[in-house]
Amino acid sequence: MNGLVAGSIYALTALGLTMMFGIMDIINFAHGEFYMLGAFFTYLFCVSLGIPYLGAMVFAFLAVGIIGIVIEKLSFKPIRKTRPLNTLLVSLGLSVFLQNLSLLIWGPDPRKIPSPFADKVIEFWGISITEQRLLVIVVTVILLIVFYYFIQKTTMGKCMRATAQEPEGAALIGIDIDRVFLVTFGAGCALAGAAGSLVGGVFFVTPTMGIAPVLKAFIVVIVGGMGSIPGAIAGGFFLGITEVLVAGFVSSAYMDAMAFGILILVMLFKPSGLFGKAES
Amino acid sequence: MLLETKDVVKNFIGLTAVSHVDMVINRGEILSIIGPNGAGKTTLFNLITGLLPCDHGHIIFRGEDITGLPTHEIAARGIIRTFQTTKIFSHITVLESVTIGRHLRTKSGLVASLFRTKEMKREEKETTEEAVKILEFMNMTAKRDFLCDNLPYGDQRKQGIAIALAAEPTLLLLDEPANGMNPEETIHLMTLINKIRERGVTVVLVEHDMNVVMNISDRILVLDFGTKIAEGTPAEIRENTRVIDVYLGEDLT
Amino acid sequence: MRITSKVTRIGVLISILAAVLVPFVITESYHLHLVNMTYIYIILAVSLNLLIGFIGELSLGHAAFYGIGAYTSALITMDLGISFWISLFIAIAAATLTGFLVGYPALRLKGPFFAITTLAFGEIIRLVINNLEGLTRGPMGLPGIKPPNPITIPGLFTIDFYDRRAFYYLILFFTIISLGVVYRLVFSRVGRAFLAIRENDILAESIGVKTKHYKILAFTVASGMAGLAGALHAHYILFISPVTFDLAQSINVVLMVIIGGSGTILGPILGALLLTLLPEVLRAIAEYRMVIYGAILVFTIVFMPNGIVGTIKGKLGLLPAAEEK
């Protein structure tokens, strides 16, 4: 069960990453920081502004999305035509900047988001789980469904898919690439933010909380296939469940090393992942 | 016969780009490959130069089977190409990039470079001299210190050819060299191609500009949907009904 | 206007002369220490630049080789009693060999994939060092490393490397050698091959450049040089711990290269200088340091992608052999 919880988080985070790669060809090292911002904003809205947890999450989701849009416009758009190395470096710089800014503003001490679901436990089918963790799964599923609807049925979603397949063709038939990129980036960040908000209710909120999940999300995206949405989602759940299962047997330090090892192996032998689009 | 492709096939998902093509390139000739867009012409170049692997078939160059060799090995054997989407070395000068083109014909490695041996210094001097000569041949001496980025489009295409020539090819593959050139530039291009042939280089062009094709080719090969549909002299091709059909009344003269 | 090699040669001679005189001018021990550290960072930055500026690939694991050099030399001298003057070369060899072993498979990848792989590798090395406590004492670090064995010129004098000034000349010597290696590599057929790969690797391959070969060469040389820096560090600071060789350090060196100007030789030197001295100047606002670094990186790429030296060179209309737009 816990595996599903972890899996949900990974799936949400990986989804944003894979979208950004599939549509914009961007590898966003700062993705973990948007995750972290989602958690912090939820905390702020909840604690400082007194907005109830669920509402705070929604606002945080939107806030992170908006920040994502602004950052795309200011930092990524200007360098879009230059070498890909620059995009990497910018996202690296953003990661460092956001992490340390949060450290400065909020300090390193972990906080917990007070959630009304935190302590209630539900039991069914012989499994007991806190309501909060169940919430994580439920919200994730809802978001995934909404996302599916969005990407398959709405015009913007179709534009995004077209751009992912054929960036130059899409521009030629009149799709506003700038807007597509804005939305993609904003949505990807917002999804990461949602993941962070959910985690903040279960565990803690710290400025460096984004680092580990995003590395794991990278692993998921690369193994599941860069740019493949089903790959990211399936991979996320797979990793979550596997991790929880394996954690019983292996010490956690080496588990991280193992995860990295898997990453390297997959990259060497099948860089386009199991489902993904190959690098152009 | 310089190069021969035997029954080469290249498949992509849902599309056969090159389908069982047998062709021959003769030493010292100028051969043009024509065909509608998507006919597989550039793919054929990619197969010959090893940028794409053949799904089937063989490529024989000077009696050696070069199928499956890495691109730099194929280049080392004397097959050099230019690209349809202008590929040049952007942020360096014209002279410097032609100097890079000399890479194959020079050999100083790590040790020689680190210790600045006499060999290396002599080679450096020769390299620059050769590069200068190439620029003279291409009539680009005036622009030698320009950044490649700053060249007008037509000159960038010429730059691509200059770099290729620096590698002293036996077989030069030009991918749509006349693309984007105005009539005057096109005439210069045709003169250039003839000059290149006079130096002993076999030239194969992929080209859409029928004026160029008809005027300079010794032979023409026509591809459509990845298949060879005709082969012959310009006169023969002009009369070939299948070719005319394929081009649907385009002016072939 | 082109900088003639004559001007360069004079500039270099003047710099070396000035460098030799430094310990007589900078007498304050702590300031000399800063200069020493700057030189170590110069070696790191200039070697990383072979990858970022000349091959065009981003490595986020450079600090791992720094660490391999440091730990190899430290452990060999401490546990095996071997002299620094030998362990130094063993350390460089270890870093170079590891560089080759990592580079060979990793350089099949490009761009972000390569960057992530180097990041993963760097982390693996750090984790290994951290956890092999029996060997490396893990997170507690290795204290008590001895400085290089004294050099005795019989009948004349002995150079004792506990003296910061003696060490200064040692580090200066190796820095000059490193810069010389990079310079000669860059301005040669090998360097041109690097450039070709950076600018357009498909075109490079098409004119016969063995791209894989040169990428691995660059990576291996860069790793070896990082190992050199590591060994020097270990026998200078006399204490090392895994924390010095982590991702943050790799990013630190990346910053030096980018801010100074990738693709030039002066750039990383300037970057190393700035990023070694800046934390001192910013001591009062030390907590803001990383925030500022992050912001600087973003700003530099967006507004000044050629770094300081690159942008100045562009403005002066100098046509360098290697310049980004």
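This is a predicted model: local features need pLDDT of at least 70, side-chain atom pairs count only at pLDDT 80 or more; totals for chains, interfaces and linings use all residues.
Residues are numbered from 1 along each chain as its sequence is written, and chains are lettered from A in the order in which they are written.

Back to β8(B): it is covered on both faces, with B:Thr202, B:Val204 and B:Val206 buried on one side and B:Val203 and B:Leu205 buried on the other. Helices (H or I, at least four residues) and strands (E, at least two) are DSSP runs, numbered from the N terminus.

Now for the neighbours, where pairing takes at least two DSSP bridges between two strands. Strand β3 (residues 30-34) of chain B runs parallel to β8(B), with 4 bridges between them, and B:Ile33 has B:Val206 as its bridge partner. Strand β7 (residues 171-175) of chain B is also parallel to β8(B), joined by 5 bridges; here B:Leu172 sits opposite B:Val203. To get from β7(B) to β8(B), the chain passes through helix α7 (residues 183-198) of chain B in a right-handed β-α-β crossover, that is, clockwise from the first strand over the helix to the second with the strands pointing away from the viewer.

Finally, look at where chains B and C meet. The contact (C-beta atoms, placed from the backbone, within 7 Å) involves 32 residues from chain B and 26 from chain C. On the chain C side, α8(C) gives the largest share, 7 residues.

Key: Two residues are in contact if their C-beta atoms, placed from the backbone, lie within 7 Å. A residue is buried if 20 or more other C-beta atoms lie within 10 Å of its own, exposed if 12 or fewer, and partly exposed in between; C-beta atoms are placed from the backbone.
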